[in-house]
Amino acid sequence: MSSSSRWASYLEHLKSQSFLQRTGQVRKVSSLVIESIGPAAFVGELCEILDGDDRERLCYAEVIGLRDHSVMLMPFGETRGICTSSQVVGTDRTVKVPVGDWMLGRVIDPLGAPLDGKAVEAAEGQEVRGAPKNPLSRAKIEEVFETGIRAIDVFLPLGQGQRMGIFAGSGVGKSTLLGMIARDSVAEVNVIALIGERGREVGDFLTKALGEEGLRKSVVVVATSDQPALLRELAAHTATAIAEFFCTEGKNVLLIMDSVTRFAMAHREIGLSLGEPATARGYTPSSFAAMPKLLERVGRFGGGGTITAIYTVLVEGDDLHEPVSDNMRAILDGHIVLSRDLANSGRYPAIDVLKSISRVASDLWTSRQRDAVRKALRLLSTWERYRDMIDIGAYRQGSNAEVDQAITFASAFDEFVRQDEHSGASREEAFQMLERILPSSSSR
């Protein structure tokens with residue numbers, strides 16, 4: 001390199017450097033928010049909170065708002081030790097997470113720090129809060145994403161790039177189902193966000209539900225329930241950013257978020273701390289605005305890679321019409337409902353196919369598959385309609401041919417959808433099984 005070229009390179013590098021440190025001073029700490037006088041920061045900027053005496057870093061914080069002449073920050077760690085002599089230093093950067101193939105098989109926190117005790121390789125940082133996508137950049141969903149779950153692959157097929165929700169109350173087998181999908185699906189990479197989980201459940205999910213086989217092709221982002229609201233909110237964005245990285249590498253990625261409800265709850269905490277008004281069930285307007293911004297970042301785009309996403313929604317009191325559930329159904333490309341009644345009856349997975357839907361199913365079934373599914377659903381619907389009469393003995397067999405077929409089919413269907421944790425099945429095999437159990441007269 002010539003001398004002139006070298007000097008030009010140095011000058012270009014100097015232009016991007018900041019030689020002034022922007023500082024401010026903490027004025028007030030209340031609830032989740034730190035209020036400071038200065039620095040001249042922008043919303044979303046990452047700042048350091050330093051001890052006023054020895055300038056030791058106490059924690060990182062993100063600028064979440066500006067009010068009058070004050071800067072409102074929310075810390076990523078504990079506020080213990082912060083006082084009015086503490087300094088706030090702007091870093092002139094936003095939150096980024098290191099990305100790379102080294103992440104496979106790893107467990108990290110929302111800032112990219114390892115939780116599994118292994119080293120982090122030096123890597124280029126990926127912007128956590130990514131830019132919105134151009135809707136015209138989305139490609140049509142037309143390739144099947146096999147999950148290995150018969151009830152899903154047959155009745156609620158997923159396409160590569162689809163966004164599906166699993167709506168469930170507590171204790172109906174949601175985590176086990178997610179582990180089965182992560183192990184048995186056709187995805188090349190799994191990115192799993194565990195948001196607001198109990199610490200014990202994180203270890204159980206990794207060892208029991210996901211297992212060593214599933215972990216090998218997975219990146220797990222963890223923010224437990226005891227961590228600050230900002231970290232729990234950030235975990236969803238971090239997992240999405242990692243999925244975006246692997247997607248740009250041409251990989252078919254499965255993004256699992258458990259749960260988007262706890263993401264909304266964390267956003268509610270942040271909004272209420274800033275003085276936002278509470279609306280439906282205490283959720284702030286920004287909570288509902290944040291969900292589509294997050295979910296619209298995934299899908300099938302140009303470049304070869306796809307992000308297929310499964311978001312769990314915790315249904316409070318088994319009420320499928322609570323605010324988060326209602327909002328998510330409007331955004332997603334389908335929903336899978338797990339029934340407590342089916343779980344209590346011993347059926348696993350407890351998927352209620354009559355209350356569930358995949359909005360791209362018609363593009364993924366062949367005409368023969370569509371006919372078989374429609375016949376099965378008609379028989380199930382008939383069974384549900386006459387179930388009370390059958391249970392109390394008021395229905396006499398032979399009174400209605402279709403009801404007789406529905407009774408026979410319901411028993412076979414119950415066995416068809418049952419799967420244990422390690423019995424993944426191919427989609428083709430599942431359709432062959434369905435055709436075998438359909439009553440012959442209903443196939444005409």
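Q: What counts as a helix or a strand here, and how many of each does the protein have?
A: Helices are DSSP runs of H or I with at least four residues, and strands are runs of E with at least two. By that criterion the protein, which is a predicted model, has 13 helices and 18 strands.

Q: What describes the overall extent and the burial of the protein?
A: The C-alpha trace spans about 90 × 55 × 40 Å along its principal axes, and of the 444 residues 52% count as buried, a label that requires under 20% relative accessible area. The accessible surface comes to about 20400 Å², and carbon and sulfur atoms account for 49% of that area.

Q: Why is α11 called roughly perpendicular to α12?
A: Helix α11 (residues 367-391) and helix α12 (residues 401-417) pack at an angle of about 100°, and their axes are 8 Å apart. Because angles of 65 to 115 degrees count as roughly perpendicular, α11 is given that description relative to α12.

Q: Which residues make the contact between α11 and α12?
A: On the α11 side the contact is made by A376, R378, L379, L380, T382, W383, Y386 and I390, while α12 contributes E402, V403, Q405, A406, I407, F409, A410 and F413. Contact in this sense requires heavy atoms within 4.5 Å.

Q: Which residues of helix α8 are buried, and what do they pack against?
A: In α8 (residues 323-331), the buried residues are P323, V324, S325, M328, R329 and I331. These buried residues pack against the helices α6 (260-273) and α7 (285-295) as well as the strands β12 (163-168), β16 (306-314) and β17 (334-337).

Q: Why is E244 called buried, and what does it touch?
A: E244, which is found in helix α5 (residues 229-248), has a relative accessible area of 9%; since buried means under 20%, the residue is therefore classed as buried. Leaving aside residues up to four places away in sequence, E244 touches Q126, K133, R297 and I307.

Q: Why does D68 count as exposed, and where does it lie?
A: The relative accessibility of D68 is 79%, and because the class of exposed residues begins over 50%, D68 counts as exposed. Its place is in the loop between β4 (57-67) and β5 (70-75), and it has a positive phi of about 55° although it is not a glycine.

Technical notes. Residues are numbered from 1 along each chain as its sequence is written. This is a predicted model: local features need pLDDT of at least 70, side-chain atom pairs count only at pLDDT 80 or more; totals for chains, interfaces and linings use all residues. Side-chain values use heavy atoms; hydrogens and water are left out. Buried means under 20% relative accessible area, exposed over 50%, partly exposed in between (1.4 Å probe, protein chains only). Accessible areas come from the Shrake-Rupley method with a 1.4 Å probe; for residues, only the protein chains shown count as cover. Axes are lines fitted to C-alpha atoms, for helices over the stretch in contact, and angles run from 0 to 180 degrees between N-to-C directions. Angles under 35 degrees count as roughly parallel, over 145 as roughly antiparallel, 65 to 115 as roughly perpendicular and the rest as oblique.
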